[in-house]
Structures are given as structure tokens and as C-alpha cells.
Amino acid sequence: MLSTEDNELLTRVGPGTPMGDLLRRYWTPALLVSEAPTPDGDPVRVRLLGENLVAFRDTNGRVGLVGENCPHRGASLYFGRNEECGLRCPYHGWKFDADGACVDMPSEPPNSVFKDKVTLKSYPTHESGGIVWTYMGPPDKITPFRDFGTESLAPEHVAASKMHTTCNWVQAMEGNIDTSHVSWLHQFNGVDQIPDDGSDKPGYPSNAMSWKFWRHDRAPRLEVEDTWYGFKYAGIRTTPNGFTHVRMTAFCYPYHTAVATVPFGVRLGMFVPIDDENCWRYSFTTRVIDNSRGVGGANLFAVAPFKLARAEVSGNGIVPREYTAENDYGIDRDEQRNLTYSGVAEFASQDLMVTESMGAIYDRTQERLGTSDKAIIRMRRLLIAAAKGLQEGGEAPATSGDHDYREVRSAEKILEPGEDWRILGSNDDPLVKEMDTDWAADRHPVAGS
């Protein structure tokens with residue numbers, strides 16, 4: 001468990017907080033590209049790391065991210081006019097460009113130079129992978145944009161979405177690096193009846209068989225390996241036929257997770273703080289596995305009685321919340337007794353039910369952690385140490401442009417005798433080498449689903 005002081009440090013992200021200062025040293029998702037799709041389109045409210053901002057795409061197509069309140073009298077620029085490469089306040093017509101410079105002040109005399117002395121808070125932006133990213137740290141400490149595999153891909157080859165979560169960002173992220181819970185929260189009756197398709201042997205199992213392995217061994221042994229980007233860890237289970245099954249997940253500073261998939265994943269989940277008590281669960285997928293290779297099999301949900309949340313609101317990638325605390329996440333007690341372990345029909349809502357029900361910010365002085373929590377403990381320690389180190393004059397970890405961030409991958413496999421799980425998903429993995437044209441060169445995504 002954490003001390004009260006460390007729990008506060010870990011969860012508070014506003015301006016001037018140690019963790020807030022750390023997060024501001026990274027390029028951070030601010031909004032989806034689809035939320036500000038057209039030049040001179042509608043401004044967008046953005047709340048990020050406890051700050052109220054407004055995003056707008058100017059006449060030339062550049063996205064500006066500026067403070068919400070006009071520096072004149074504080075009116076919200078969300079109601080402003082987006083026109084001729086600037087956002088104009090509706091109160092007195094003051095106009096600001098994407099850099100926050102005041103380019104017009106029509107309420108002042110024509111010979112006034114006052115506008116040259118007025119600026120609006122603004123942050124630089126970068127579009128990649130269907131996301132508008134921003135850097136909110138000290139300008140002289142700006143870091144290179146970290147390419148997780150999106151920079152060289154056409155927009156149609158990237159899928160990005162986000163979902164609102166009503167709890168602290170660390171609390172939400174902890175669910176993504178908790179491999180043990182898939183053996184419980186996401187289980188359903190009928191798993192044991194999944195027929196053996198021959199993948200309970202060394203090699204990559206089918207997605208359907210993965211459910212069976214998670215159910216068969218419900219107390220995984222965890223091993224954690226530190227990496228240059230954070231860490232990766234394995235949940236190790238024994239299959240019904242006595243083989244060693246590994247589910248590997250990666251954590252990259254400060255809020256990136258690559259959750260284990262069959263065979264190895266390219267989908268990143270990012271838990272971006274709106275403020276201390278809310279966050280966005282961002283997701284982007286850059287490449288997919290070619291099913292013609294016979295790896296992975298049918299979609300995991302083909303055998304599960306769960307629904308997937310869909311990004312169907314105006315097609316802009318914002319995933320709607322059908323199940324929330326207000327309707328008890330749609331829990332069906334009869335289904336909980338007879339069909340599913342949780343009684344909640346939607347897969348993502350099962351996670352939201354447990355993380356949001358802890359309260360907006362859980363008091364971690366009250367928890368009791370076990371061996372299945374090793375990865376969560378490591379994540380907390382790394383983040384707390386990084387925040388404290390920055391306050392002491394150090395540098396934020398894993399910001400260098402010298403690394404290949406496409407190496408942040410996950411994996412799931414039944415190991416050969418003597419095989420080390422640490423090689424999975426790395427550039428030394430034989431399957432990665434086999435798909436080197438698509439994984440390393442990133443020319444185009446592999447066909448499949």
C-alpha cells in the first residue's frame with residue numbers, strides 16, 4: 001500500500017504538482033482529429049491535466065490549442081468565431097492565432113499597440129494517428145514527438161477512439177496492467193466447453209483458446225522486466241495440457257499500455273487525465289495481423305457473450321457510455337448467477353464498473369496487495385520516482401527520440417521448453433522478423449482484422 005503522501009503525488013496532475021509537471025514533459029493526446037475536422041470549423045472544449053482549453057482548426061488547417069478564457073475580461077473562447085486564421089472573442093472582438101498572439105483588437109483605437117502586448121496561453125500541437133497531441137511543459141524542455149508507429153501511416157490505416165472514465169487516471173490504468181483479473185472479471189460459463197483446436201501446445205494459441213487458459217489457471221505467476229521505456233511483464237499460467245502459457249503486457253511512461261493480444265499487439269491504450277477525478281481512455285491501432293498466416297484465429301469475442309463498446313457518436317471516435325454508475329452498469333443478477341462472472345454485458349463496462357466503483361480517487365493506504373499486483377506496484381514506483389526525480393532537477397524518462405517506440409508491444413504465447421518470454425514482441429522475436437517489412441518499415445498495415 002502507499003502512504004497518503006505518495007498517493008497524493010501519484011494522482012494529482014494540476015499545474016505545479018509533481019506528477020502534473022512530469023506528465024507535461026510528454027506529448028499528450030488532447031483530442032481526436034475527428035473532433036476538429038475542418039478549417040474554420042467549430043471550436044472544441046478541451047479539459048486536460050486540470051486546465052480548461054479550447055481547440056480550433058484555423059483557415060490553413062493548423063490546430064490551435066489555447067486557454068479557454070480571453071485575457072481581456074475572461075469570456076470563454078469556446079463561443080468565439082473561428083475565422084481567417086484566428087479565434088475571435090465574441091465579447092469585444094479580440095482575435096488570437098494558433099500561437100496565442102493577439103492579431104486584432106478592434107475595440108481599441110487604430111493606432112494602439114496594446115494588442116502587441118497581449119498573449120493568450122497556447123500549446124504546440126502535432127497530429128498523428130488520428131490524434132491531436134500537445135506538449136504542455138516548459139518550452140525550453142520540449143521533447144521530440146514519440147512515434148509509436150503512426151507517423152508514416154495514412155489516416156485510413158489508423159483507428160483512434162476515446163472513452164470518458166469517471167475516476168483518476170492511475171486507477172483506470174491499473175486495470176490495463178492487471179493480467180490476473182481476466183481470469184475472473186471477464187469470465188463466462190461455457191469457457192470450459194470451448195473445443196481444443198490444437199493450439200494447446202507450444203506456439204501462438206487461438207484467441208478462443210486463450211479464454212480457456214485464463215479460466216483453467218486463475219492464479220498467474222507474475223514476472224516483471226524493466227525496459228528503457230518502462231517495463232513489460234508476464235502473467236504465466238499452466239494450460240490444461242501442462243504447457244506454459246504467457247500473457248505479456250507493456251507499460252511505457254507515463255500512461256501508455258500495450259495489453260496482451262494473440263500473438264502480439266499493436267494497439268495502445270492511453271489513460272490521459274482530464275483532471276484529478278476524470279480521464280480519457282484513448283486507444284489507437286496502427287497495424288493488424290494477417291489472418292492468412294493462421295495466427296490468432298477468430299476474434300476473441302466470437303466465443304464470448306459480451307458486447308463491445310462502439311465509437312458510433314457522429315462517427316467521430318468518441319465511444320458512448322451505455323452503462324454507467326447511474327444505471328449500475330446494466331448489471332443483470334440472473335446473468336451473474338448463470339452466465340457471466342460479472343453480470344455486466346459490455347466488456348469495457350466490466351472494467352469501468354470495478355475501477356469507477358472505487359471512488360474518484362481511491363485511498364491506497366487502505367488496500368492490501370498480493371503477488372498478482374507486482375506490475376501495478378512497479379508502475380506506481382516508477383511514476384513516483386520519475387516525478388520526484390524531476391522535482392530534484394532530473395530528466396523525465398523515455399522522452400528521447402533515439403529510441404524506437406514501436407518496440408512497445410504485447411504478446412501472448414505458449415512457450416517452447418526453455419523459451420524465454422522476454423523475447424516475445426521484441427525485434428529478436430522470430431515472428432517480428434518474419435513480418436519485418438510491415439513491423440519495422442511501417443510502409444502499410446498488414447491486411448486482416
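**Notebook: strands, cores and cysteines**

I looked up H126 and found that its bridge partner in strand 11 is W133. I note at the start that the model is predicted.

**Entry 1: the hairpin**

I followed the pairing along the two strands. Strand 10 covers residues 125-128 and strand 11 covers residues 131-134; they run antiparallel and are joined by 4 bridges. T125 has T134 as its bridge partner in strand 11. I then checked the turn. The hairpin has 2 residues between the strands, and G129 takes a positive phi near 65° there.

**Entry 2: the sheet around the hairpin**

Which strands make up the sheet with the order 1-11-10? I listed 3 strands in an open sheet, with antiparallel pairing. Strand 1 (28-32) and strand 10 are the edge strands, and each pairs on one side only. I wrote down the average twist from one strand to the next as 35°.

I found another open sheet, made of 4 strands in the order 2-3-4-9, with antiparallel pairing. Its edges are strand 2 (44-48) and strand 9 (122-123); each has a single partner strand, so one side of each is left without a neighbour in the sheet. For strand 2 I looked up the partner. V44 stands opposite A55 in strand 3. As a reminder to myself, side chains in a regular strand alternate between the two faces of the sheet.

**Entry 3: the annotated domain**

I checked the record next. An unreviewed UniProt entry places the feature "domain: Rieske" at residues 30-134. In the model this span is 37% strand and 0% helix. The C-alpha atoms at the ends of residues 30-134 lie 6 Å apart.

**Entry 4: cysteines**

How many disulfides does a search of the whole structure find? I got 0. C102 is in no disulfide, and the nearest cysteine sulfur, that of C70, is 7.8 Å away.

**Entry 5: nonpolar cores**

I looked for the largest nonpolar core and found 68 residues in it. The residues with the most contacts inside this core are M19, L22, W169, F231 and L383. Helix 7 (residues 374-391) supplies the largest share of the core, 9 residues. Apart from this core lies another, of 15 residues, including F188, I194, A208 and F213.

I took W169 as an example and listed what it touches, leaving out residues up to four places away in sequence. Among them are L10, V13, M19, P254, Y255, F271, C279 and L383.

**Entry 6: helix 4**

Why do I call helix 4 (residues 207-216) largely enclosed by the rest of the structure? I do so because 9 of its 10 residues are buried. The buried residues of helix 4 include A208, W211, F213 and W214, and also K212 and R215. I then asked what covers them. The cover includes strand 14 (230-238), strand 15 (244-252), helix 6 (347-356) and strand 20 (410-414).

Conventions:
Residues numbered from 1 in each chain as written. Predicted model: local features only at pLDDT ≥ 70, side-chain atom pairs only at ≥ 80, totals over all residues. Heavy atoms only, no water. Disulfide = S-S within 2.5 Å. UniProt positions renumbered as here; feature names shortened; annotations may be inferred. Pairing = 2+ DSSP bridges. Core = buried A, V, L, I, M, F, W, Y, C linked by side-chain atoms within 4.5 Å. Buried < 20%, exposed > 50% of the residue type's maximum accessible area, 1.4 Å probe, protein only. Contact = heavy atoms within 4.5 Å. Axes fitted to C-alpha atoms, helices over the stretch in contact; angles between N-to-C directions.
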